[in-house]
Amino acid sequence: MDALDIMPYMRQLEAAGFREELLDRAVALAGADRLIYRRLCSAVTENGLRPVEALSALERELPQ
């Protein structure tokens with residue numbers, strides 16, 4: 001199985017407003033899970049959450 005190229009997903013997060021530490025935390029949380037990237041982006045672009053709100057909500061929801 002090939003490794004997932006996360007660069008397109010990182011660009012989507014950046015376009016949605018994720019920056020610096022917040023972007024780092026989002027990438028660390030998502031890892032190679034494309035669905036996490038999609039959920040973070042849609043929380044901002046479709047649901048109107050700020051990036052910090054989207055990330056915090058997902059961090060609370062996912063198992064540690």
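A: An axis here is a line fitted to C-alpha atoms, for helices over the stretch in contact, and angles between N-to-C directions run from 0 to 180 degrees. The model is predicted, so local features need pLDDT of at least 70 and side-chain atom pairs count only at pLDDT 80 or more, while totals for chains, interfaces and linings use all residues. Residues are numbered from 1 along each chain as its sequence is written, and side-chain values use heavy atoms, with hydrogens and water left out.

The axes of α1 and α3 lie 9 Å apart and meet at an angle of about 15 degrees. That makes α1 roughly parallel to α3 (under 35 degrees; over 145 is roughly antiparallel, 65 to 115 roughly perpendicular, the rest oblique). Their crossing is left-handed, that is, the near helix is turned anticlockwise from the far one by less than a right angle, clockwise being right-handed. From α1 the contact (heavy atoms within 4.5 Å) takes Y9, Q12 and L13, and from α3 it takes R34, Y37, L40 and C41. By class, five of these residues are nonpolar, one is polar and one is charged. Ala, Val, Leu, Ile, Met, Phe, Trp, Tyr, Cys and Pro count as nonpolar, Asp, Glu, Lys and Arg as charged, and the others, Gly among them, as polar.

Helix α3 (residues 34-45) also packs on helix α4 (residues 51-61), where the axes come within 8 Å and cross at roughly 135 degrees. That makes α3 oblique to α4. This crossing of α3 and α4 is right-handed. I36, R39, L40, A43 and V44 of α3 meet P51, A54, L55, L58 and E61 of α4. The contact of α3 with α4 has eight nonpolar, no polar and two charged residues. L40 of α3 takes part in the contact with α1 and in the contact with α4.

I6 sits in the segment before α1 (7-15). Leaving aside residues up to four places away in sequence, I6 touches V27, G31 and Y37. I6 is partly exposed, at a relative accessible area of 22% (buried is under 20%, exposed over 50%, with a 1.4 Å probe and protein chains only).

As for the whole chain, the protein has four helices and zero strands, helices being DSSP runs of H or I with at least four residues and strands runs of E with at least two, numbered from the N terminus. Of its 64 residues, 33% count as buried. The C-alpha trace spans about 35 × 25 × 20 Å along its principal axes. Among contacts with a separation of 6 or more, 53% join residues 24 or more positions apart.
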